[in-house]
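Let's walk through this structure together, starting inside and then turning to the links between side chains. Keep the viewer open as you read.

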Amino acid sequence: MLARSLTMGLLGLVLLAPVEALACNGSVAINSCTASCSSNCYLLNNINCTDGQGIELNGGADLDMCGHVINCSAQYCVQKPALQMNGNNSRVYSSVDPATSVGGITGIWLYGIDCEGRSGSRVDNLKFTGG
């Protein structure tokens, strides 16, 4: 009887434990390769670009990759970066624990992230793999 009570008690604790949701930072969801972000944004899911167009960050906007990947498998991607920073002080990062999932950029892009000449811009906690 004691073993059954302990089992039921532990089962109750497991069922009552809160489920931790994926917490991404940003107010605007990005779900396509042609997006332009002028506010703090987050990547809604993995995206695969086929036309060579990458995401643009304007006016110091940040992008939380949320553990997702921007990929390109088309030949046109060698002409543009996956992410173009068009202003100073932008940040591209993944808020997801790297032990769980590391966001990043994969494929044959011209650059993973073009932040040249953009003072105060940062890239944190991402993985880059080329084609």
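Leaving aside residues up to four places away in sequence, Leu83 touches Ile55, Leu63, Met65, Ile70, Val92, Ile105, Gly112, Ile113 and Asp114, where contact means heavy atoms within 4.5 Å.

Before going further, a word on what you are looking at: this is a predicted model, in which local features need pLDDT of at least 70 and side-chain atom pairs count only at pLDDT 80 or more, while totals for chains, interfaces and linings use all residues. Residues are numbered from 1 along each chain as its sequence is written, and side-chain values use heavy atoms, with hydrogens and water left out.

The largest nonpolar core has 25 residues, and Leu83 is listed with Ile30, Leu63, Met65, Ile70, Val92 and Trp109 as having the most contacts inside it. Strands E3 (41-43), E4 (47-49), E5 (55-57), E7 (69-72) and E8 (83-85) each supply at least two residues of this core. Here a nonpolar core is a set of buried Ala, Val, Leu, Ile, Met, Phe, Trp, Tyr and Cys residues joined through side-chain atoms within 4.5 Å. Buried means under 20% relative accessible area, exposed over 50%, and partly exposed in between (1.4 Å probe, protein chains only). Strands (E, at least two residues) and helices (H or I, at least four) are DSSP runs numbered from the N terminus. As background, nonpolar side chains tend to be buried together in soluble globular proteins.

Now for the charged side chains. How many salt bridges does a search of the whole structure find? The search finds 2, counting a side-chain nitrogen of Lys or Arg within 4 Å of a carboxyl oxygen of Asp or Glu. One joins Asp124 and Arg91, at 2.9 Å from N to O. This pair links distant parts of the chain, with Asp124 in strand E12 (residues 122-124) and Arg91 in strand E9 (residues 91-93), 33 residues apart. Arg122 also meets Asp124 in a salt bridge, at 2.6 Å from N to O. As for accessibility, Asp124 is partly exposed at 21%, Arg91 is partly exposed at 27%, and Arg122 is partly exposed at 45%.

The cysteines come next. The structure holds 4 disulfides, a disulfide being a pair of cysteine sulfur atoms within 2.5 Å. With the bonded cysteines of the protein chain numbered in sequence order, the pairing is 1-6, 2-5, 3-4, 7-8.

Cys24 is partly exposed at 26% relative accessibility, whereas Cys66 is buried at 3%.

Cys37 and Cys41 form another disulfide, their sulfur atoms 1.9 Å apart. Both residues, Cys37 and Cys41, are buried, and their link is right-handed, with 100° about the S-S bond. Cys72 is joined to Cys77, S to S 1.4 Å, and both Cys72 and Cys77 are buried. The torsion about the S-S bond of Cys72 and Cys77 is about 60°, so this disulfide is right-handed.
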